[in-house]
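Please look through the sequence and the structure before reading on.

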Amino acid sequence: MNSLSAEIAGVDRKGIILAVNDRWQAFAVENGLEPGQAAPSTGVGTNYFAVCGPGTGACTGDALSASMGLQAVLDGRLERFNLDYPCDSPTQERWFTMTVMPLGQKVKTGAVITHTDITERKQAEEKLRLAARVFSDAHEGITITNPQGVILDVNAAFTRITGYSREEVVGQNPRILNSGRQDMAFYAAMWRSLTETGHWSGELWNRRKDGVVIAELLKISAMRNADGSTLQYVAHFTDISERVTAQARIDTLAFYDPLTNLPNRRLLLDRLDQALHASVRHKRKNALLFVDLDNFKTLNDSLGHHQGDLLLVQVAQRLKTCVRDGDTVSHLGSDEFVLMLEDLSVDAMVAANRAEAVAEKILSAFILVFALDQGGHHATPSIGITLFGALALEVNEDPLRRAELAMFQAKAAGRNTLRFFDAQMQATVSAHAALEADLREAVQARQLVLHYQPQVVGAGRMTGVEALVRWQHPRRGTVPPADFIALAEETGLILPIGQWVLETACTQLAQWAHLTIAVNVSARQFQQADSVASVVDTLARSRARPKLLKLELTESMLVDDVEAIIAKMGALKAIGVTFSLDDFGTGYWSLAYLKRLPLDQLKIDQGFVRNIVTEPNDAAIAKMIMALAESLGLAVIAEGVELQAHADFLAHLGCHAYQGHFFGRALPLGEFEALVARDSDRSTG
Ligand code: C2E
Ligand code: MG
Ligand code: MG
C-alpha cells in the first residue's frame, strides 16, 4: 500500500486511525491533511473525527461533509462515500478526492480512507467544460466529424443556421447540406487540402433544411493525434448570404438589365471583346444578331410604358429559347436586343448559315401573340446580322455597329425580316463617316447657305418664305438637307447648324419689311435647355421683328416631354413668334396633344398633296386635316403644290395658303430677291 500515489489510512469503528501509508505520513507533514484544516495531527492513534468533526472549530463545509460521510460508512448507512474538495497549497490551486470504504461485512469494523490528488483531472474537466461552452454558445456553426466525415456533433448555431437539429445530422455526412452549386472538382480540392495541410477555408453554397441556398464562409481543421493521424475534423462556418447577396446585387445592377435580367450593353461588350480575342486564336467565326422590335414606340405611346415593359420581358424569354446555352442574349435598352452566337464555324459560309437559322427561329418565335393586359399583341422584329472574329474587315468597323446597320436595312426592307451586313453597307458606312468629318467643317468654312421658297395665298400673293438650308460642298457640289440633316441630328452637329440657320434667317428678316420667314427647328435643337433664350437673343441681336418669325416643328418632337415643349412654345409666343406643325399627317399625333399646343398653323405634308386629285385616300386625309384645323382654330398651309390642279383642289377644301414649285422653287438669296423685285415691279408697274 505504500507504493500507491494516494494517501491511505485505516480507521476503526470509532474513527481512531490504526494505520497510514508513507504518502499519508509525508502529506500530513507538508500540509493540513483534512479538508480545510491547517494543522496536521493525523498520525496513528488520532481520532479522525477530532480532526474534522463537529465542534473542532476548524470545520469548513467540506470537513463537515467528510466527517458525516465517514460516520455514515461506519454505521453501514453508506456503501461508499466520495467527496471532491479543493485544497490549495501555498503555491497552487489543487483538488483532492476523498473516498471512504467500509471494512467488515455485516457489522462494520472500520473503514479505509483515501485522499487522492485529482488536480489534473479537475483542470482537464474544467477545460472541457469551457470548450463545451464555447461550442454551444458560439455564433459560428460548428460541425465535428470523424476522419471519414461522419458527423459526431454539431452546436446550437449549426441548427440555427442550417435548420437541422443535432439529432437529424449526427451520424450523417455533411453532404446533406450540399446545394449542388459546387462541382466534384471543388470538393476534391477541399479534401486534398485537408489531407495534405490539415486545413481548408473558403466560401461555398449550402442548402438549408427549408431548401434555401445560403452562402457560407467555412474553415475546416483536422484535429490530429500525437502520431499525426487525424482524429476529427472541426468545421466552423458563418452565414455570409447577406453580404454575398448585396455584392451580387451590385454586380447585377452593373451588368444586367433590371427589367429583363439579361446582360446589358456593358456585359455584352465585355463578352464581345473576349469572343474577338478567342477567335483570333481558334479562327472560328461568331455572329451578332441585332434584334429591334417594329413599331415599339407606337405601342409604348399608345398603351403606356407598363405594357411596353410586359412585351419586352416576354420577348427576352422567347429570344433565350432561340439560342444555345453558351450564347449571349443581351438587352441594350428600349426595344433593342443583341444576341451573340459564338464558335459557329471556321468557314464563313457555314457560320452565316447557322446565324441565319437562328434569325429565322427568332422570326418564328414572334408568330405567337404576346400577352398584354388588354389581350394578345402581335409584334415583329427586324434583325441585322453580322459575322465577327477572324474577318478582314474587323479593323474598320465594330461588329455591333455593323449589326445595327444591317438591322436598319431590315427595317427599310419592310420590317419583320432579317438582313446581313455586306460590302455595300460597308461602303455606305464609310461614306457616312467621311461625310460626317466634312460636316464638322461646314459651318466654320462657311459652306452652308440658305435658300428661300415662297409661301403664298390665293392666286399667288407672297406672304413669306421658308428658309431651307443647303450645303455647298467643295467637292460634292450642293448637298440637299435630306442627305445631311439626319446625320447632323445624330451627331449633334444640328446644334451649331441650327443656330447658324436661325441667325442667318433673322438677319435676313430684319432687311425685309413685310415677308415672314419660316425656319425649320429640329427636335434635338428645341429640346436644348437654352433653346428659348437663344431664339430671343438671336431675334434681339438681329433686330428682326418676332412677329415675322415662324418656327416649323415636326410631330416627332412632340413625343418626349410635351409639357416642356408646351412651356417653351408659350414663352416664345409671348414675344410674338408663331408656330407651324410641319409634315402634318405623316407622324404620330393625338388630338389631346394638338389641343394643348399653342400652334398657329398646320402644314399639310407634300405626300398627301402630290396625288390629292387622283387618290381618294390622300384627299380624305387632307379634308380631315382641314376639319381638324378648323375645330382647333388653326391656319393651314399645303406644301409640295406643283400644279394648278393641286391648288384648285386644296382651295375647294378650304385651304388657301400654299408652298410648292408651282408658285416658286427654293432659291438662293440673290435669285430670290430678283424674283421679288420683278414681282413687285409687275404689280406696281
Ligand atoms: P420641309 O421642311 O418639309 O421642307 C419642304 C421640302 O420640300 C424642301 O426640301 C423643299 O425644297 C421641298 N419642296 C418644296 N416645294 C416642293 C414641290 O413642289 N415639290 C417637291 N417635290 N418638293 C418641294 P428640302 O429643301 O430638300 O428640305 C428637306 C427637308 O430638310 C425639309 O423638309 C426639312 O425637314 C429639312 N430642312 C431643310 N432645311 C432645314 C434647316 O435649316 N433646319 C432643319 N432642322 N431642317 C431643315
Ligand atoms: Mg419645313
Ligand atoms: Mg415639310
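The points below cover a magnesium site and then several salt bridges.

This is a predicted model. A magnesium ion (ligand 2) is held by four named side chains: Glu466, Asn520, Glu552 and Asp582. Elsewhere, the structure holds 23 salt bridges.

**Magnesium site**

- Glu466 (OE), Asn520 (OD1), Glu552 (OE) and Asp582 (OD) coordinate the magnesium ion (ligand 2), at 2.0 to 2.2 Å.
- Along the sequence, these donor residues follow the spacing E-x53-N-x31-E-x29-D.
- Glu552 and Asp582 link distant parts of the chain. Glu552 sits in strand β22 (residues 549-554), and Asp582 in strand β23 (residues 578-584). They are 30 residues apart.
- Glu552 and Asp582 are both buried.

**Salt bridges within a helix**

- Side chains of opposite charge can pair when their charged atoms come close.
- Arg121 and Glu125 form a salt bridge, at 3.2 Å from N to O. Both belong to helix α4 (residues 119-137). They are four residues apart, so about one helical turn separates them.
- Arg121 is partly exposed, at 41% relative accessibility. Glu125 is partly exposed too, with a relative accessible area of 36%.
- Arg401 pairs with Glu404 in a salt bridge, with the closest N and O atoms 3.6 Å apart. The two residues are three apart in helix α13 (residues 399-412), so they are separated by about one helical turn.
- Arg401 is partly exposed, with a relative accessible area of 25%.
- One network, joined by salt bridges that share partners, takes in Asp84, Arg121, Lys122 and Glu125.

- Lys209 forms a salt bridge with Glu168. Their closest N and O atoms are 2.6 Å apart.
- This pair links distant parts of the chain, 41 residues apart. Lys209 lies in the loop between β8 (199-207) and β9 (213-224), and Glu168 in helix α6 (residues 166-169).
- Lys209 is partly exposed, with a relative accessible area of 44%. Glu168 is also partly exposed, at 31%.

Notes. Residues numbered from 1 in each chain as written. Chains lettered and ligands numbered in written order. Predicted model: local features only at pLDDT ≥ 70, side-chain atom pairs only at ≥ 80, totals over all residues. Heavy atoms only, no water. Donors = N, O, S within 2.8 Å, 3.2 Å for Na, K, Ca; no water. Buried < 20%, exposed > 50% of the residue type's maximum accessible area, 1.4 Å probe, protein only. Salt bridge = Lys/Arg side-chain N within 4 Å of Asp/Glu carboxyl O.
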